[in-house]
Amino acid sequence: MRALRPLLSLAAVLALTASAAGGATFWVATDGDDGTGDGSSGMPWATIEHALGAVPDESLILVRPGTYQGRVHLDGRFAVGVTVRSELPYRARLRHDATVVTCFYGQGIALEGFDIAHDGAGAGGLVIQVQDLLDGADRVERITLRDNVIHDSWNNDLLKVNNGAGDVLVEGNMFYNQEGSDEHIDVNSVTDVVVRDNVFFNDFEGSGRPNGNDTSSYIVIKDSNAGDDGILGSERISVRRNVFLHWQGSTGSNFVLLGEDGQPFYEARDVLVENNLMLGDSGNTMRASFGVKGCRDVVFRHNTVVGDLPALAYAMRLNLEGANQIVDNVSFRHNVWPDPTGTMGATAGGGGNDFSDTPPGETQSWVLERNLYWNGAQPIPEDPGELINYTDDAQRIVADPQLPAATGITLPRWLPGPALFADGSTSIRQVFESLVALYGTFPAASPLRDGALPGDSPPDDILGLPRDASPDLGAWEWRAPQWIFGDGFESGDTAAWTTTVG
């Protein structure tokens, strides 16, 4: 095996980027003072809110380790942008007994590297909320949440992006443990939101909380307030290059759901869901891995949905609710739907056996083309009462994709004591790459190789690396052996990763 290439950590890359930008650096610390401090390393401020009101555009605000109690307001309008970063990744902890972070009046702000959660039971709603409350033509925009551990809401969503905000990037974060019938991310009546490179799972027991199997989807994209904010239906939303695993929610919810509130207009349109890895590694039943209610112009492509996924439908649910418009123009191309256990569509209690839940008359236009299907030694479920069956895919591939079994996964929650994730990783990116390496890759002989039709594939794969001229099916693109993962995992060599990570 070749020697490892020297690789920069995410923190180092971000630091170099900030340095190259040439902006000034300021500090916040638990022992700082907003009155007497000047934001220097020796005289830091006490709060992020004060720092944002004092620094010039293009600044970097470093927040030293410790627990910061109380609400953080991301306010201030910056033409180029300001970055607020935990000086040591995940060592600056933001806690509050209500919404921990709000961005109601901000423009051009990035929040990076924090551990963000409610401080315990009885908290008010939401952990983070990005919402437009600016007057006039301006709106809250150019907001980035990057490389944060966002977890353990005790009331409502982990992150809500709603009511007219736009141009929001949610990148490289870890999400776990929302509360009640709510989500990891609620994308609600907004435009131009990108959710990429994140890890989504639940681990209530790991947080010392009961699992009520009552939480909602990991991501929902919808519009709850009609045109009250000037936006009718969320638009131009991208969910790409994420990893979803360990479902602990209700039997009526999904990893990703478009539409939820039964509105008489299209709740979402122009939505792209691609290059995601969705792992069935728990015994809890979900509705389907992907759902659409009353939305249009949706592309679901190059996703890998794999494992024993107890569900009322393994692949999808397309339906109407309330006053919904008929689902329209939904395409499913180049995806991988294999259940090696042969229980595709079966629920945890043994009932159900569907590939899709798609009532006739509730979807107007759809495409199912060139996907791979596998149900172990059992036939793939067919139901003449459903609108969509796998046999509607005239260019389908039915074969074992030779993906690793989605079993024995160590849930990678953040452990503040040793400053490690539970799988031994030191960063969210390392967690992400480990999950892709161990559960989303395949050998050269896999039927996924070069299986996609030309002309309808993203330029990259789940790792953000270029696809070949003849792209593979699913989220990951095979490459000849080379060092492509941050800790020396060689493509097609899971043993190398296991040895490196331990």
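Modeller: Let's start with a term: a residue is buried under 20% relative accessible area, exposed over 50%, and partly exposed in between, using a 1.4 Å probe and protein chains only. This is a predicted model, where local features need pLDDT of at least 70, side-chain atom pairs count only at pLDDT 80 or more, and totals for chains, interfaces and linings use all residues. Residues are numbered from 1 along each chain as its sequence is written, and side-chain values use heavy atoms, with hydrogens and water left out.

Biologist: Thanks! Is N213 buried, exposed or partly exposed, and where does it sit?

Modeller: With a relative accessible area of 33%, N213 is partly exposed. Its place is the loop between strand 18 (199-200) and strand 19 (219-222); strands (E, at least two residues) and helices (H or I, at least four) are DSSP runs, numbered from the N terminus.

Biologist: How should I read a helix, say helix 3?

Modeller: Compare its span with the expected one, which is 1.5 Å times one less than its number of residues. Helix 3 (residues 428-439) has 12 residues and should span 16 Å; its end C-alpha atoms are 17 Å apart, which agrees. The helix is mostly covered, with 10 of its 12 residues buried, including I428, F432 and Y439.

Biologist: And what is a nonpolar core?

Modeller: In soluble globular proteins, nonpolar side chains tend to be buried together. A core is a set of buried Ala, Val, Leu, Ile, Met, Phe, Trp, Tyr and Cys residues joined through side-chain atoms within 4.5 Å. Here the largest has 84 residues, and I116 and W337 touch the most other members. Apart from it lies another core of 37 residues, among them A406, L411, W414 and V436. V436 is also one of the buried residues of helix 3.

Biologist: How many disulfides are there?

Modeller: A disulfide is a pair of cysteine sulfur atoms within 2.5 Å, and the structure holds 0 of them. As for individual cysteines, C103 is buried at 1% relative accessible area, and C295 is buried at 0%.
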